[in-house]
Amino acid sequence: MTKPIWIKHAAQLATLASDVKGPRSKEAMSELGLIEDGSLWIENGEIKAVGTTGELAKRYKDRVDQAEEVDASGRLVTPGLVDPHTHVVYGGSREREFEMRLEGATYMDIMNAGGGIHATARMTREATEEELIEQTTRRLDSFLAHGVTTVEGKSGYGMNIETELKQLRVMKTLQQQHAIDLVPTFMGAHAVPPEFKGREDEFVHLLINEMLPVVASEKLAEFNDVFCEKGVFTPEQSERILEAGKEYGLVPKIHADEIEPYGGAELAAKVGAISAEHLLKASDEGIEAMAQAGTIACLLPATALYLREEAAKGRKMIDAGVPVAISTDCNPGSSPTTSMPLVMNLACISMRLTPAEALTAATYNAACAISRQQQIGSLEVGKQADIVLWNVKNYQELQYLFGVNHVHSVWKKGIQVVNQEEKELAASLRTVTK
């Protein structure tokens, strides 16, 4: 049994506790459950008590001398950040495309020239599992240093059964080895492989009848995602893929309306997707359909910035009753970042979320987008002790001072895994017991 941890005297403790169950929308996205002079008591990786420092000092007065005390004076404490949309497992990099884009090439220009997703697919196919584990570990270390304690990861850089399974097996290995919890999504429908050009329906048949059964039988994924976009997968093809995944117990997600309005948001509502991602070009009808269905909008403002596109209409979606989550979209082509703090900043600046809404979108609603809200996303009794201590005094300052990593310390399941005061990752970085 480990020593209890007593985090005390937080200038502001943002618990994210709320009476609203399920993903939060409208005014509920501003409910942060703030406690001044806040305090947490943690035992065996679980939150046992939440309140003011005075309340917990009285409650545990006979055990205070047994606890490891953490003085959070002058600092903000929040739940660990949750990134609900990444492509974190991939081989190689695509820095040349960044320069091409600045010279005027569009996303689809690069993709049609053999770059983009296809370029990463080639490099990922060539990489060994060991090489992918090494590269992905570095990215997960960076996520953790930025306060992220849970990451969703998608396959999709294989587009053949061997490489798709390789990516998913890498995630399974890293879930066991790394402190971060890694939630797997199958995305064989990320693009149509060049060898199937002109035979797109054959690839859809292969994906449904050969890939999905193996992924499901090996229990390698929880979600099934598809890139519903003109020139990639049509709404009809996307629906077939998502409905087939549901038959295998995989919850649908969908890359929707990123490049142009294409009915992706409407399809997300129709198939009961837990979330629709990107949504830069979502129609008013699609936004209304998502609000009615309770589909979470997973918005990616760093991707819009990197592609120099107008960001998704986050303010409009929240006002319409759509629950909003945010994510880095960590990937080698359109958002090579691991900084969720930057994404929170951009959610405020480019999508007009308030600082409170941005924090909800990066914690509780993000947890809902990967079905983890019962374990993480808020600081409540019985939940996993995934906690960030920030070098700011309140949640407004966290968003106001943008482009800076304000992380002081991070705990994963009650174990301190980051201590930036010492300018190094803790030795326990990859040793949290799963």
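Reply: A cavity is, on a 1 Å grid over the protein atoms alone, a set of points where a 1.4 Å probe fits but cannot get out, and its lining residues have an atom within 4 Å of a point. Grid points are joined across faces, edges and corners, and a volume is the space filled by probe spheres set on the points. This is a predicted model, in which local features need pLDDT of at least 70 and side-chain atom pairs count only at pLDDT 80 or more, while totals for chains, interfaces and linings use all residues. Residues are numbered from 1 along each chain as its sequence is written, and side-chain values use heavy atoms, with hydrogens and water left out.

Me: How many cavities of 30 Å³ or more does the structure hold?

Reply: The structure holds one, and the largest cavity has a volume of about 120 Å³. Among the 15 residues that line the largest cavity, His87, Tyr107, His190, Asn331 and Ser334 are the closest to its centre.

Me: Is strand S8 mostly covered or uncovered?

Reply: Strands are DSSP runs (E, at least two residues), numbered from the N terminus, and buried means under 20% relative accessible area with a 1.4 Å probe, protein chains only. Strand S8, residues 181-189, is mostly covered, with nine of its nine residues buried.

Me: In which sense do S7 and S8 pair?

Reply: Two strands pair if DSSP finds at least two bridges between them. Strand S7 (residues 148-154) pairs with S8 in the parallel sense over five bridges, and proline 184 in S8 stands opposite glycine 153.

Key. On a 1 Å grid over the protein atoms alone, a cavity is a set of points where a 1.4 Å probe fits but cannot get out, and a pocket is an open set with protein on both sides within 12 Å along at least five of seven lines; lining residues have an atom within 4 Å of a point. Buried means under 20% relative accessible area, exposed over 50%, partly exposed in between (1.4 Å probe, protein chains only). Helices (H or I, at least four residues) and strands (E, at least two) are DSSP runs, numbered from the N terminus.
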